[in-house]
Amino acid sequence: MNNSAVSSSGSLTLSCIGGGRLGSTLCRLFAEQQTLDIAIGQLLNRHLESASHAVRFIGQGEAVATMNQLKPADLWLIATPDDKIETVSRALAETMLLRPGDMVFHCSGSLNSEVLSLPQDQSQSAAEKACLRASVHPIHSFADPAKSVSSFAGSSCAVEGEAAASDYVTRLFSAIGGNCFALRSDKKTLYHAATVMACNNLVALLASSKQMLAAADIAADQQDAILNPLIRQTVDNYLHHSDARAVLTGPISRGDSDTVAAHLRAIADSDQTQAASWQSVYAALGEVAVEIARQQAYASEDKLDNITQLLANSANTSD
Ligand SMILES: NC(=O)c1ccc[n+]([C@@H]2O[C@H](COP(=O)([O-])OP(=O)(O)OC[C@H]3O[C@@H](n4cnc5c(N)ncnc54)[C@H](OP(=O)(O)O)[C@@H]3O)[C@@H](O)[C@H]2O)c1
């Protein structure tokens, strides 16, 4: 990587395709940091007006309306929505603006850097001639760029890609206060699925719990009064201990198969359209809880085997 711009200590230009919430926040942070010598080059969005808005927010750079107005840059951030990254990157590669040693990166949580296109005459085997590719997933919500500029520092950032590119983006995101950690390219989607489980699927689980209270004829304000303290206490306990064995309570932890059987019957008898999905979520998460209960060893193996059987039977019935 001797010819790589990112291995030099000189001044680098960063251009951004997709200066939306994340793109404009990061460009402003890159422009304001003092550790690396970076200038913001050009901003290309779908609409010139929104690129101009991003440039005003960043305080540097030039808004352009089309790909063919772009000039060479050392670093390219593609911060379009995920489903546009591949096509935008291919279009960028086709402009032939990318030079050996330039770096292209995106910030998607679910895609890895291999989705980024290289110019056609650069084979990956000729690594010293190729552009560098990386991805950085900042674990931060960029809903409000002005707020994110002041709150980004301390955010964890998952970095993957080619070695020289990963090293550079780690320096770049560390310079704006990110806590970078390395991720294997082939594990990125699994990593993202894990974060979705803890965030989005947790919301879905809590919503299901509320729907079940409603099906039990509990009024809306009472549902919150029941669930909110329980959710807070459980999450606080989990965060405090960071070990499921220290936190799991309830029928499965006690090996109480009668209660589990009664729950499954009550869900099946609820006559609600969502009953099948409640049953499969209850059974799938119950199986995970049984494994935690085995490690707790409060309940006998026999009792836990009974519960496993009940959960498996209910999963078969709901198929
Ligand atoms: N937002 C977050 O909290 C967050 C967190 C972590 C990672 N990310 C990742 O960051 C990336 C961007 O997300 P975002 O939330 O910042 O998206 P966003 O606010 O919707 O911004 C997307 C930007 O891309 C531009 N764009 C769309 N299609 C384009 C195209 N074909 N050519 C050029 N520009 C195009 C849009 O232009 P117009 O404004 O003109 O429509 C807009 O400025 C995604 O990969 C996302 O997964 C986001």
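In which pocket does the ligand sit? In this predicted model, in which residues are numbered from 1 along each chain as its sequence is written, local features need pLDDT of at least 70, side-chain atom pairs count only at pLDDT 80 or more, and totals for chains, interfaces and linings use all residues. Side-chain values use heavy atoms, with hydrogens and water left out.

The ligand sits in the second largest pocket, where sitting in a pocket requires that more than half of the atoms of the molecule lie within 2 Å of the grid points. A pocket is an open set of points on a 1 Å grid over the protein atoms alone, where a 1.4 Å probe fits, with protein on both sides within 12 Å along at least five of seven lines, and its lining residues have an atom within 4 Å of a point. The shell around the ligand holds 24 residues, of which Leu22, Arg46, His47, Ser50 and Asp82 come nearest, a residue being near if one of its heavy atoms lies within 4 Å of the molecule. By class, this shell has 10 nonpolar, 11 polar and 3 charged residues.

Oxygen atoms of the ligand lie 2.8 Å from a polar side-chain atom of Ser50, 2.8 Å from a backbone N or O atom of Phe142 and 3.3 Å from a polar backbone atom of Gly20. The protein covers 79% of the 910 Å² of accessible area that the ligand has on its own, as computed by the Shrake-Rupley method with a 1.4 Å probe. Two or more residues of the shell come from each of α1 (21-32), α3 (82-94) and β6 (132-138), and α3 gives the most, with 3 residues; helices (H or I, at least four residues) and strands (E, at least two) are DSSP runs, numbered from the N terminus.

The second largest pocket has a volume of about 1200 Å³, a volume being the space filled by probe spheres set on the grid points. Of the 43 residues that line this pocket, Arg21, Leu22, Ala79, Thr80 and Pro81 are the closest to its centre, and its lining takes two or more residues from each of α1, α2 (48-58), α3, β6 and α6.

The largest pocket, with a volume of about 2200 Å³, is lined by 42 residues, among which Leu202, Leu205, Thr234, Leu248 and Leu285 lie nearest its centre. The largest share of this lining, 10 residues, comes from α7. By class, the lining of the largest pocket has 30 nonpolar, 12 polar and no charged residues, whereas that of the second largest pocket has 19 nonpolar, 20 polar and 4 charged residues.

Notes. Polar contact = N/O pair within 3.5 Å; in protein donor to acceptor, adjacent residues only side chain to side chain. Nonpolar A, V, L, I, M, F, W, Y, C, P; charged D, E, K, R; others polar.
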